[in-house]
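Good morning, and thank you for coming.

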Amino acid sequence: MTSERKPFRLVVFDLDGTLVDTLSDIAGAVNRMLRDLSLPPRPEAEVRSLIGHGVERLIGRIVGAERGPLFDRALGLFLDYRAESGARHCRLYPGVRETLHRLGGIKLAVVSNGRQALVDLVLKACGISVYFQSALGGDSVAGRKPSPCPLLRMARELKTAPAATLMVGDMIVDVETGRAAGIKTCAVTYGFGERDALAAAGADWLIDRIADLLPIVRGQADPP
């Protein structure tokens, strides 16, 4: 049973694993970097489990080192290879373009922990940049997710109250970001995160298809 609620005025999306499947490009850059460092490759499934907290955290966990010569070299190699691959293998998840089109009239934005240049490149390459009023990468704001700073900054810039804003993502970090900002969250289950973990993190909604976002945004679905 559902009851009527006010529609959201702003929907903020994560990028990787939510709108676009970039796993092949990310894993490919990781393994080219590891090859150059004479380190063993990592399977895509392992790389997938490490995505979501920004490139520095990803590289630190992959090479087992924080700041220092190895980390700096690994990070530089990864960024070079990631920029080279760009959006070569990325693809929109099913229904993304159609759903964004049907959300016409609602303010839409992207907040990612990825680098700004890559965020812009992927959105343009996938042909969906036209749908978004703004997009923030992790190097364009003081605090990255799960800090509420980028999400609250986006709400301020687009002149929308937190209560009228919805965060949509595929990782626990997206749920934590929304909670820290006092903003409702919707977690997609088809991305890089795990359904049980997203539910345990306290997402207000869980959806298996991006199209299921429409009634939530329109105020036609209460949290389960």
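Predicted model: local features only at pLDDT ≥ 70, side-chain atom pairs only at ≥ 80, totals over all residues.

I begin with a loop: Pro146 is found between strand E5, residues 134-136, and helix H7, residues 149-157.

Between H1 and helix H2, the latter spanning 44-50, lies Ser38. The phi angle of Ser38 is near 60 degrees, which is a positive value in a residue other than glycine.

I now turn to the packing of helices. Two packed helices are described by the angle between their axes and the distance between the axes.

Helix H1 covers residues 23-36, and it packs with H4 at an angle of about 135 degrees, the axes being 8 Å apart. H1 is therefore oblique to H4. The crossing of these two helices is right-handed. Which residues make the contact? From H1 they are Asp25, Ile26, Ala29, Val30, Arg32, Met33, Arg35 and Asp36, and from H4 they are Arg73, Ala74, Leu77, Phe78, Tyr81, Arg82, Glu84 and Ser85. Sorted by class, the contact of H1 with H4 holds 8 nonpolar, 1 polar and 7 charged residues.

The second pair is H1 and H3. Here the angle is about 45 degrees, and the axes are 12 Å apart. H1 is therefore oblique to H3. H1 passes H3, again, in a crossing that is right-handed. On the H1 side the contact is made by Ile26, Val30, Met33 and Leu34, and on the H3 side by Leu58, Ile59, Ile62 and Val63.

Helix H3 comprises residues 55-63 and helix H4 residues 69-85; their axes come within 10 Å and cross at roughly 120 degrees. H3 is therefore oblique to H4. This crossing, too, is right-handed. In H3, the residues Val55, Glu56, Leu58, Ile59, Gly60 and Val63 meet Leu70, Phe71, Ala74, Leu75, Phe78 and Leu79 in H4. By class, the contact of H3 with H4 contains 10 nonpolar, 1 polar and 1 charged residues.

My final topic is empty space inside the model. Rolling a probe the size of a water molecule over the atoms shows where empty space is left. How many cavities of 30 Å³ or more does the count come to? The count comes to 1 cavity. The volume of the largest cavity is about 350 Å³. Its lining consists of 26 residues, and those nearest its centre are Asp16, Ile26, Ile51, Asn113 and Gly114. The elements that give two or more residues to this lining are H3, H4, helix H6 (116-125) and helix H8 (172-181). By class, the lining of the largest cavity divides into 13 nonpolar, 6 polar and 7 charged residues.

Thank you for your attention.

Note on methods: Residues numbered from 1 in each chain as written. Heavy atoms only, no water. Axes fitted to C-alpha atoms, helices over the stretch in contact; angles between N-to-C directions. Helix = DSSP H or I, 4+ residues; strand = E, 2+ residues; numbered from the N terminus. Parallel < 35°, antiparallel > 145°, perpendicular 65-115°, else oblique. Left-handed = near helix turned anticlockwise from the far one by under 90°. Contact = heavy atoms within 4.5 Å. Nonpolar A, V, L, I, M, F, W, Y, C, P; charged D, E, K, R; others polar. 1 Å grid on protein atoms, 1.4 Å probe; cavity = no way out; pocket = protein on both sides within 12 Å on 5 of 7 lines; lining within 4 Å. Points joined across faces, edges and corners; volume = space filled by probe spheres on them.
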